[in-house]
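My entries are below the display.

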Amino acid sequence: MVFWDPANTLETYQFSLGDRFYKGDPRIADHETNAIVQDIIRRRNEFKEFIEMGRTLAIFTAPAQYFWYDTGKREKSGTGRNQKVTTIVDRLDLAEAAIPAKFRVTPAEGKRISARQSDLRSLLSGSPDRWWYRAILEEHPGEPLAVVAGTNKCVGSIKRYKNGGILLILPDLQGPNYPSNGEEIEELGHDEPPTPMEALTEEPEEDPGHDDASMELITWVESLRSSNGEPPPAWLQRYRFSEDRKTAEKIAELETRKAGIVAEIESLQEHREISDAWKKLIHATGDELESQTLEAFRRLGFQAERGPEGRADIVLSLGTRRAVVEVKGLNGSAAEKNAAQLEKWISEEMLSGTGKVKGILVVNSYRHIPPEERNNPAFPHQMVTFSTPREHCLVTSVQLLAMVRAAMKDPSVAPAIAEELMNTTGIVSGWEDVTSLFMVSDT
């Protein structure tokens, strides 16, 4: 068997000396990029082969282990001594890339774990102060082993393969000296009270190098393999009871229906994810807001690309016309400095020889307030006074969302909306009826 804790893997590589973190996640040193990418590919193949050999791979669940790495691509801007070379990096989740099965997590942590399978309960209850979960399994191989107590949120799973291999996704087993909060472990739906502490047999003090909890884990994993039993011989397939055929036909029918239902669910989940992504235009900031704004302009018929690092957030083309976009997610209203930043991007774009350039400022103002309650102006008077002579287009991300929804409902209106954005000087009018966008519920 092999145990792997993804949370301790990234630290074995060197991070970039110039900028150890990028957008909150580690940036792998450029000279280590090829090594980590090749290691992930190799490990994934080794894990897959290991399981196919009938072995057991156990992985301790950890939060997504995102890191940035050098893709090898470069973008150049400017000429001569003013030329700037930008390194293009990409983001990867170490665990999701290395585990040879569907795997996706969201951050969470706690110690209230409930066993979904009875053979796990004794393991958890034997050392309840040592087990905790560091993430929720949104996607996992096989069937749930453990959940957050009182919920269906999965924190452990098991997948058994026909060849006898096992892939285990486990909560984390803390080191023997890790602080404990003393919360008890309970089995989901189990009415049996926990064993009183005074009823437990007192064990003699062990050698500090010996860890009972780790040994119990290994013993439990070994028992999973032995419980598989000896595989039935191939000739046994020739021997069937009279009802086996009807049972097999019914199973096949249900499997077909199941496949159709699963495909429909996956399609609906994909639609829901797309819908949730558009809602970023009313609450997000930073890279999330920029990415969705980029997609919004594309839906409206623009050719839209991210601007070079240190320049405009988004660069647009509509036929022969060009525009630059500054995107801001704000807790309050926009400010004159935001418009001044946009004007700087316009000047730099024009210096590159592209001719006249339109400036568009997109703000998600008062983003912590529900859209229908954002009563204060997104663009204050002094800012409009600054932007109007410079022909800036000022639009909120809520308005942009309304435009996109209209274009999704009737694609023929997209060209007119795109022209409106390119031709507007000052604040875009209309597109502010939030009630027409959503069916607001109480929950």
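The entries start with the numbering and the model, then go on to the sheet and the rings.

I number residues from 1 along each chain as its sequence is written. I am working on a predicted model, where local features need pLDDT of at least 70 and side-chain atom pairs count only at pLDDT 80 or more.

I looked up an open sheet in which 3 strands run in the order 7-9-13 with antiparallel pairing. I take strands as DSSP runs of E of at least two residues and helices as runs of H or I of at least four, numbered from the N terminus; two strands pair if DSSP finds at least two bridges between them. The edges are strand 7 (104–110) and strand 13 (172–173), each pairing on one side only. Strand 9 (residues 131–139) pairs with strand 13 over 2 bridges, and Trp-131 has Leu-173 as its bridge partner there.

Rings. I count 6 aromatic pairs, with Phe, Tyr and Trp (its six-membered ring) pairing if the centres lie within 6.5 Å; planes under 30 degrees apart are stacked, over 60 edge-to-face, the rest tilted. Trp-4 and Phe-47 are tilted, because their planes stand at 45°, with centres 5.5 Å apart. Trp-4 is in strand 1 (residues 2–4) and Phe-47 in helix 1 (residues 33–52), so the pair ties together parts 43 residues apart in sequence. Burial means under 20% relative accessible area, exposed over 50%, partly exposed in between (1.4 Å probe, protein chains only). Trp-4 is buried at 15%, and Phe-47 is buried at 8%.

Terms used. Heavy atoms only, no water.
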